[in-house]
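Please consult the sequence and the coordinates alongside the text.

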Amino acid sequence: MEIENEIENEKKIPDLKKYKLSFHGQGKAYFGILIVNWLLTIVTLGFYYPWAKARNLQFLYGSTALENDRFTFHGTGKEMFVGFIKTIVIFGIIYGILMLFIYLEMPVLGITIFYFLFIAILPVAIHGSYRYRFSRTSWRGIRFGYRGDRNELFLGFFKWIFFTIITLGIYGSWMEMKLRGYLLSNVRAGNVEFKYKGVGSEYFVLNLKGYLLTLITLGIYSFWWYKDLFAYYVENLSMHKAGQQIKLKSIATGGDFFKMIMLNLLIVIFTLGLGYAWAITRTMNFMTSKIKLEGDMDLDTILQTEDDYNDATGDDMTGLLDINFII
Amino acid sequence: MNKTSGKYFDGISSRPQDIELQLDEINAELRFGIYLNTTNRWPLENISFEHIGDSLEIRCKSNLLALIKVIDDNFAEEFISILKAKGHISWYQRIIRLGIKIHLAIAALILGAIIAGYLLFIPWVGEKAVLLIPVHYDISMGQTFYKQYVDNNSIDNKKTKYLNLFAAKLQLRNTQKLHFTVIDSPTVNAFSLPDGHIIVFTGLINLMKDYDELAGLIGHEVSHVNNRHSMKMLCRNLSGYLFISAVLSDVNGIMAVIGDNVHNLQNLSYSRQFEQQADEQGTQILILNGINPKGMTDLFTRLQSSEKVVVPAFISSHPITTDRIVYIKKLIAHSPHQYVYNPTLNELFNKLKN
């Protein structure tokens, strides 16, 4: 009888739990990693770059914790090096085609093909990057994964780019939300599914307002714009598992962003750039402490579901194209 | 002894399992029991670990997803020292564990090497690169600039003719054909292009009182052309820029920006070196042509009186005029010279002035 009552109660009032997201990386530890990366990259004339990138991610992921258990990045320099070489070959071929057409005195056709290939490579690179990066991330031994379909993303991407071009960039807000929605909604952590529900119209209004007010206030409003963007990204993301969920909330204010960004700028400038490590650890600390997680999910019962995937080409391509990884 | 408790995640579910673990130094393995009766053994040689803050995470190569988490500083210290003693710690982890002081020293060392490389290596590369670049490249570069410049400014044809006649009377040690152009403008300025085009503004000519000043100006500008100063500047600029971005841009954006600005300041100092060289050789040209070298100092005195704003030497590309006058006076005092009045030059100079 008592047990039944308990079950009844649970159904009526779902027990909302808070989950702690935190960052434990120290500036001086990160400084050591960056300096050693720098030294080895110079000494090896740049060939250490993929290993440096792996070390960097290992530190940043490994210093971030959910409920005091750290995330792990399992990617290795070797995997990234192979991806790095493949990336160089792919870009070499694209530039080679451009040069060939210039040599054949058909520069217009050459440049058209060049841009077409460049745009075509973006969704492929993003797809590869998501697959690799997530399959190499784990928490409590549970692997993350990205289950998006490359062809579907490819077609969608072309459609969105097309609309963005014919609307002179206005569709860009919709494109960004559709892309983010597609990518993040295909992320898994074991049997936990991620969902992103941000929409273009809201995002467009938010950006329009942010842009205009930033202009009027000579840039001062930009910190409040950041705050709105951060909140919009964070609060539209949620996690689901068998009817249980976790919702995210941002508690950052414009003033918080102002303080964080200004102090970071001062730190980096007055240390002639050497304080970069502290600026990053402070930023990570800021972000994790300003995101609040709440829900009824039992984090002790997540099951392993995702496969291993070790091709880092997409990750290296996005790195070379300087596309930031969302999340 | 080397015993502690921790949590074990089996890589199948996210459920934490409480474990007791023991570090066995003799058998070189880590032992831990799950459900009290089954004992797992992880050989130390297959172990990888991460020690961030107070938490130690241990993994085994046979199953990279399973992990043991221990929060026990004493155990962590002992665990790491045993791994170290058995040689299971990579060179990378050794460097990382050296601590902030050593890392700061490494940073200082790299920065020092970059500065030394920049100050010693780049000017040398610049000089050598110029030798590899054929002169016709200087010529086409100068011509392109000249065309654009002349299109947007009005040439004084009569004065251009007189200036060319004036220069033709001088021995200029030039390696390239020289073309002089007078631009009708109140600006007090003159400059040379790498292809031998030398442009003088009427504003500067009007300021001069004697033909030896004009000869001094020509000597100075011709020396820039003779020494390929423009191309040298370009080579130093480019090689310095490439060097700075190669070593700094991987670190972070701000460091690269700082590097670029330091590089720009350094370029100004290069350009001051070139100005000084042109002053020296210009003065020698005056002496060579039997013209009073005082023309050079007179020219600068007039420039100085026309200068409205005093720019500090470290940010101005021309060495501050007073410094230049003092330097040239010293130079003249140390060089034996004779001069005679040259009526032809004087006549041409007067025609130019009118």
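## Helix 5 of chain B

In this predicted model, the buried residues of helix 5 of chain B include Lys159(B), Tyr162(B) and Leu163(B), together with Phe166(B) and Ala167(B). Around the helix axis they cover an arc of only 135 degrees, which places them on the same side of helix 5 of chain B. The face turned away from that buried side carries Asn157(B), Lys158(B) and Ala168(B), which are exposed.

Helix 5 of chain B comprises residues 157–168, 12 residues in total, and reaches 17 Å from its first C-alpha to its last, close to the 16 Å expected at 1.5 Å a residue.

## Helix 11 of chain B

Helix 11 of chain B, residues 321–334, has 14 residues; from first C-alpha to last it reaches 20 Å, close to the 20 Å expected at 1.5 Å a residue. Thr321(B), Arg324(B), Ile325(B) and Ile328(B) are the buried residues of this helix. Seen down the axis of helix 11 of chain B, they fall within an arc of 100 degrees, so they line one face of the helix. On the other side, Lys330(B), Ala333(B) and His334(B) are exposed.

## The sheet of chain A

Chain A contains an open sheet of 11 strands with antiparallel pairing, in the order 1-11-10-9-8-7-6-5-4-3-2. Strand 1 (17–19) and strand 2 (21–23) of chain A stand at the edges with a single partner strand each, so one side of each has no neighbour in the sheet. On average, neighbouring strands of this sheet are turned by 30 degrees against each other, direction ignored.

Two helices of chain A pack on the sheet. Helix 7 (residues 172–184) of chain A touches strand 7 (187–189), strand 8 (192–196) and strand 9 (237–241) of chain A, and its direction makes about 175 degrees with that of strand 8 of chain A. Helix 11 (residues 276–290) of chain A touches strand 2, strand 3 (64–66), strand 10 and strand 11 of chain A; the angle between its direction and that of strand 2 of chain A is about 170 degrees.

## Strand pairing in chain A

Strand 10 (residues 244–250) and strand 11 (residues 291–295) of chain A run antiparallel and are joined by five bridges. Within strand 11 of chain A, Ile291(A) stands opposite Ser250(A), and Gly295(A) is the bridge partner of Ile246(A).

Strand 9 and strand 10 of chain A also pair in the antiparallel sense, over four bridges. Here Ser238(A) stands opposite Lys247(A) in strand 10 of chain A. The hairpin of these strands has two residues between them, and Ala242(A) takes a positive phi near 45 degrees.

## Ile35(A) and its contacts with chain B

Ile35(A) lies in helix 2 (residues 27–43) of chain A. It counts as buried because it has 25 C-beta neighbours inside 10 Å. Leaving aside residues up to four places away in sequence, Ile35(A) touches His103(B), Ile106(B) and Ala107(B). Ile35(A) and Ile85(A) are 50 residues apart in sequence, and their C-alpha atoms are 24 Å apart in space.

## Confidence in chain A

The average pLDDT of chain A is 88, and 92% of the residues score at least 70. Over residues 6–10 of chain A, pLDDT stays under 50, and the model has one contact beyond four places in sequence for them.

Terms used. Residues are numbered from 1 along each chain as its sequence is written. Chains are lettered from A and ligands numbered from 1 in the order in which they are written. This is a predicted model: local features need pLDDT of at least 70, side-chain atom pairs count only at pLDDT 80 or more; totals for chains, interfaces and linings use all residues. pLDDT is the predictor's confidence in each residue, from 0 to 100. Two residues are in contact if their C-beta atoms, placed from the backbone, lie within 7 Å. Two strands pair if DSSP finds at least two bridges between them. Axes are lines fitted to C-alpha atoms, for helices over the stretch in contact, and angles run from 0 to 180 degrees between N-to-C directions. The expected span of a helix is 1.5 Å times one less than its number of residues. A residue is buried if 20 or more other C-beta atoms lie within 10 Å of its own, exposed if 12 or fewer, and partly exposed in between; C-beta atoms are placed from the backbone. The arc is that of the directions from the helix axis to the C-beta atoms.
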